[in-house]
Amino acid sequence: MAAVSIQLYTLRDQLSSDRDATLAAVAAMGVDEVEPFGIENFDWLPEALAANGLKAGSAHAGLLADPEKVLAAAKALGVTTVFQPFYEPEKWLSADGIRELADGLNAQVDRFAEAGITIGYHNHDWEFLAPAVDGVPAYDYFVSLLDERVILEVDTYWATAGGRDVPALLATYGDRITHLHIKDGPLQPSRSGAANVVLGNGLVDIPPILDASPNRTWVVEFDYAAIDPIDEVRQSVAYLKER
């Protein structure tokens with residue numbers, strides 16, 4: 001069975017204005033876990049999550065910028081997986097830029113593994129829109145450079161927007177992909193600021209993606225929400241739980 005999680009970046013504004021009420025609302029949704037962001041910057045996370053009965057299974061953090069601070073934060077939270085959530089689009093335009101990212105992640109594998117933490121990478125759309133390297137799609141070239149212990153979190157919305165067949169991608173990389181960001185919307189470029197919508201109400205063909213990933217963690221995320229993100233997240237969680 002897939003676990004259902006929520007990327008807390010979705011509720012960043014609500015957390016900023018009323019942290020306790022927001023986390024209480026998340027807990028009431030009955031998710032299996034949550035995925036905090038920027039964990040190296042928020043010392044309050046462990047206590048606040050515990051107070052609301054929430055477990056952080058995975059997290060987003062700047063693995064390349066300050067690995068020691070990220071490692072300390074991950075240990076405090078008890079997360080077992082940390083994803084690098086972003087790498088500049090311009091870096092994906094050359095083999096050297098892609099290799100720089102892969103080398104940076106590979107350099108951190110042992111340090112985190114010693115603490116029982118797996119590290120990985122989370123995509124946007126530009127990884128799939130970048131030019132091929134020697135005939136190999138940029139994303140696949142990147143994966144080929146990674147230490148086999150570095151895992152993948154596929155943002156299914158942005159992979160779809162980038163023109164990738166997500167069920168086929170899941171089949172290609174199998175257990176290497178452990179987490180999926182499940183979201184829906186108009187499939188406009190990631191830097192357009194277009195709002196996401198409740199799962200099932202947008203242009204992403206979600207059922208085949210879920211059918212292809214029954215044993216992975218499904219993470220609900222809204223980059224932008226046009227109405228009430230808490231209510232939209234609640235509806236999206238319900239959509240996944242009905243599966």
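Reader: Is Asp 211 buried or exposed?
Author: Start with the cut-offs: buried means under 20% relative accessible area, exposed over 50%, and partly exposed in between (1.4 Å probe, protein chains only). This is a predicted model, where local features need pLDDT of at least 70, side-chain atom pairs count only at pLDDT 80 or more, and totals for chains, interfaces and linings use all residues. Residues are numbered from 1 along each chain as its sequence is written, and side-chain values use heavy atoms, with hydrogens and water left out. With a relative accessible area of 54%, Asp 211 is exposed.

Reader: Which residue forms a salt bridge with Asp 211?
Author: A salt bridge here is a side-chain nitrogen of Lys or Arg within 4 Å of a carboxyl oxygen of Asp or Glu. For Asp 211, the closest N and O atoms are 2.5 Å apart. The partner is Arg 243.

Reader: How many residues apart in sequence are the parts that Lys 183 and Glu 221 tie together?
Author: Their side chains meet in a salt bridge at 2.8 Å, N to O. Lys 183 sits in the loop between β7 (177-182) and α11 (206-211), and Glu 221 in the loop between β8 (217-220) and α12 (229-242), so the parts tied together are 38 residues apart. Helices (H or I, at least four residues) and strands (E, at least two) are DSSP runs, numbered from the N terminus.The number you want is 38.

Reader: What is the relative accessible area of Lys 183?
Author: Glu 221, its salt-bridge partner, counts as buried at 5%. Lys 183 is buried as well, and its value is 1%.
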